[in-house]
Amino acid sequence: MSAASVPDVDALVRHRAREEEIARALHRVRSGHGAIVWHGEPGMGSSSLLDAVAESLRLRRDRTSVLVRVAPARPGHERTPASLVLALLESLGAAPRQAPTGGHDDLEAQLIGALAGRTLAVVADDIDALEPGVADFLLDLATGEGGVALIASASGALDDLRLPYGVDVRELEPMRRDDALVVLAKAGCGPVAPHVAERLVDRLAGNPACMIQTARLLTAEHLSGGAVLPDPLPLGSATAAVLAPAVAALTSEDLRILLIASAMVVDRVEILADACEVGIARLTSEPIAAHLVLTAGRFRFVDQRLRTLVHAEASLTQRTAAHVAIQRAHAAAGDDDLATWHRALHSLEGDPTVVEPLLALSVRHLRHGDCEWAYAVAREAVGHASGPARLAAIEAAGVAAMLAGHMDDAAHWLPHVARGGDLAARARTLLAVTMTQTMVDGRIPDELIERTVADALHEAAPPRGSRAMRRDVARGLAAAACLHIERGAPSDARRMADLAARVSQGAGCEGVPALARTWLALCSSGTGSGDELPMHPSHADDETLIAIARGVDLMARDQCATAARLLASTAADLAPMRSTRSWFDGPERAATPLVEAHLRVVQALVEFRAGDLVRARATLHLACGVLPVGYVLAGLGITLGRRLDLLCNGEVSPTFEALETTSVCRSLAPVRQGKLVDRALAAALAGEFVHAAAVLELVAEREATDTAAALGVPGLDAAEAWAMAGRERDAANAAEKVKERGGVMTPAARVLARARAALAVTNADELWDRVVAANEAALAHESPYEQARTELSIARALARHGERERADTHYLAAVDLFEQAGATSWTTAVRAEADAVNTSVGQAASGALHDREDATSVPAEHEADSAQLSAVLSETDLSTEQLRALGWDEPLTAREREVASLVVQGLSNREVARELYMSIRTVEVHLGRVYRKLGLRSRVELVMFAHRS
């Protein structure tokens, strides 16, 4: 395929996976021989890769290599190996010794001789389309003794080529989400949300040309996630070109079967066979079997793009006939809901009788958490309805769109309800309108809310209707209160929460304001009143939100492991990651995407605060591919994702860059401040501490006094940054601010922050007391990441006071703990810093420390314990295998069991360090974890515990 037929050649190659392929090709050229053949379907970018390789070779201006581009000859211009060699010799500026008409060996000898030690880099387009003799000759040249490197593309079958040994045939892998985001941005397709990019990758087989062309057929609202994507996707010429050979082999009957399959919303084989009026054998025979996979009574398209193609190229009459056939099959099977859906789709003039069943079907989809289908069904009902029924359908469509996270679609439908609906309808949609306007405009519609509340409180409706209306209004007020507190407006939040409590009185919905009050308490003080939350909510969304509040409350009480288990259990029960488009294939009861996005963001934050950064990033990265993460919790997912990327990979990934650019929350203060902290963190990792501290001071100046403790993302210590910059007075000022702000931190975080700040400003007289205090605080914390930060603070304080050998053991412990947490960026930075203060891991591991035991040992080995310890040791000699047999597999890790085994056998910390090739400090860290997990306080208790076991 020529480069000209692929849109935006440069965009296709400027991402990481393709750049690795380019580097591989340039290595072949530098080595002076070898062949790479990139193979892939049209649009995968093989020709654009050749363009990039050729451009890179030209920019090198390397006199040791010569670049020649070879493409298939024009029609009527036959080419032979001899004529090719003649052209190559001309490009080398050499004349043939004799007419190049001899065998391959003679032709090769003349060419190699003309190179005179240089490398001939042959870049060949569509080598499978070259004359067979020419292609074979080039491959033989490149796999010979040296002098020729071949970089080629192939867009057809390679079976006809004779591939000698040494040819590297590389299949171009489909793009993944991050690569697709880069390519779409480079192609000028506008901001694309991560979950939209994920769906394009899935439905277009990761083909970059197909994705670019399809993206250009979509609106900006589609790409940002504000509007639901069309199903099937619009057909681009690149997609049609890829599938053209397969479609050419299909008969009209084959296309009819595939069209019916593409229109079905369930994947049951018996329904497909009945609708097509064929036997199962017909579906399992060629050519249908090449395009449909049948397994366990279900079917799926091998390539989702074929579903798009057959649907797009079918006429309206053919599509209508397909829905008629599917309706008949479902009616015969007793599937009334599905039959109604297809009856609505083939009714061209509108059918009022389908409206009520469709609205009931939409509600059923909402219970399953399938909001996009709920929206599609309600939107279809709008087209068949009139009068009050149409307003009801519009209301259902707007609410479903909001819960799916498609706020632009919701903003299109919901105003119709406000203008044409009665007060009950306004009350029912108050929550949806509040969420939608906040997410679209960036402002909470307080005036609209208060006007609706005033009308509802004075409505002279029957008691039952009044109660229902009050419940709906209370839910809207509770949502507004939560939105206000997340955005740092506590007074407005309390006002809305108080109104919710007033409205809910006597309406049987006291749990709604209770949840709001709990969330306000968590976000303002870090602890909530979880006891008043309802225990048995009726809606899956309410149950999920209650679990989120309980999880945040546990996290705020420094019980992150318990919170993580609670949220993981909730996710498994109520928020399954859906991977099918088939109706009613999931659980009967599930959270909606918008609520699930809240759950996944908080789950990732809990995992981060627990010290498992790798798991936290994986949780959030996966959620970004399927959920509207950018809308929730005032952009917390943006800040959290960027921070995790920086700590784990050293740079922000395309997923979280795209999450920011497509979210209205990017302009909110928490997100802006989070980016400033990221700047400070990047500077600190690079050793630029003045810059880091100055940025943190800017953050402190802008920071609201009611910063949410429970939803805070771990950042950087300003006092330590100033201390590392040598600015003692600024460090002291920053340390004082830590004391002032202690009330907005969790208890353990407050202790650690103050301990690290004290280390940053300590003098020599107080050094050891503060080291011991910081060490004890770290060992009491469950997060290896926070332990690592504290170990680093201890190491820096010791280094500043000349205790470099002791500092080195803490640097080593920090590296070990950062590695355990997955903070690769910190691991690299700490190693470089340790080297800079003239300490090394090797010196720490050698045990060449002071003769006395480290003053920071936890716990210290007191002389009074020695006799008791010796007496117990005389009866105890347990190996790590025996410890495992005693049931110490849980909760101890393998490394902790090794350390515990040697301690139980009587070895000192120094001897354990020598035995396991680690520092004394690392032994102490592992031993402290052993004590904490087993509920012990000393070596003696450990030995006695093992002996009793």
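A search of the whole structure finds 0 disulfides, a disulfide being a pair of cysteine sulfur atoms within 2.5 Å. C482 is in no disulfide, and the nearest cysteine sulfur, that of C523, is 7.6 Å away. C482 is buried, with a relative accessible area of 16%, and C648 is buried at 9%. Here buried means under 20% relative accessible area, exposed means over 50%, and partly exposed lies in between (1.4 Å probe, protein chains only).

This is a predicted model, in which local features need pLDDT of at least 70 and side-chain atom pairs count only at pLDDT 80 or more, whereas totals for chains, interfaces and linings use all residues. Residues are numbered from 1 along each chain as its sequence is written, and side-chain values use heavy atoms, with hydrogens and water left out.

**Nonpolar cores**

A nonpolar core is a set of buried Ala, Val, Leu, Ile, Met, Phe, Trp, Tyr and Cys residues joined through side-chain atoms within 4.5 Å. In the largest core, which has 200 residues, W519, W583 and W826 touch the most other members. Helix α25 (residues 463-486) supplies the largest share of this core, 10 residues. A second, separate core holds 34 residues, including L84, L89, L107 and A124. Leaving aside neighbours within four places in sequence, W826 is in contact (heavy atoms within 4.5 Å) with L647, L681, L685, L716, Y785, L792, R796 and F818.

Helices (H or I, at least four residues) and strands (E, at least two) are DSSP runs, numbered from the N terminus. In strand β4 (residues 148-154), 7 of the 7 residues are buried, so the strand is largely enclosed by the rest of the structure. One side of β4 carries V148, L150, A152 and A154, the other A149, I151 and S153, and all are buried.

Two strands pair if DSSP finds at least two bridges between them. Strand β1 (residues 34-39) runs parallel to β4 and is joined to it by 6 bridges; the bridge partner of I36 in β4 is I151. Strand β3 (residues 119-124) is also parallel to β4, with 5 bridges, and A121 stands opposite A149. From β3 the chain crosses through helix α6 (residues 132-142) to β4 in a right-handed β-α-β crossover.

The 17 residues of helix α28 (residues 540-556) should span 24 Å at 1.5 Å a residue, and the end C-alpha atoms are 24 Å apart, which agrees. The expected span is 1.5 Å times one less than the number of residues. Of the 17 residues of α28, 14 are buried. Just after α28 comes D558, with a positive phi. D558 is partly exposed, with a relative accessible area of 23%, whereas F584, at 18%, counts as buried.

| Residue or bond | Backbone value | Loop |
|---|---|---|
| D231 to P232 | cis, omega near 0° | P232 between α10 (220-224) and α11 (237-248) |
| E286 to P287 | cis, omega near 0° | P287 between α14 (280-283) and β6 (292-295) |

Notes
A crossover is right-handed if, with the strands pointing away from the viewer, the path from the first strand over the helix to the second runs clockwise.
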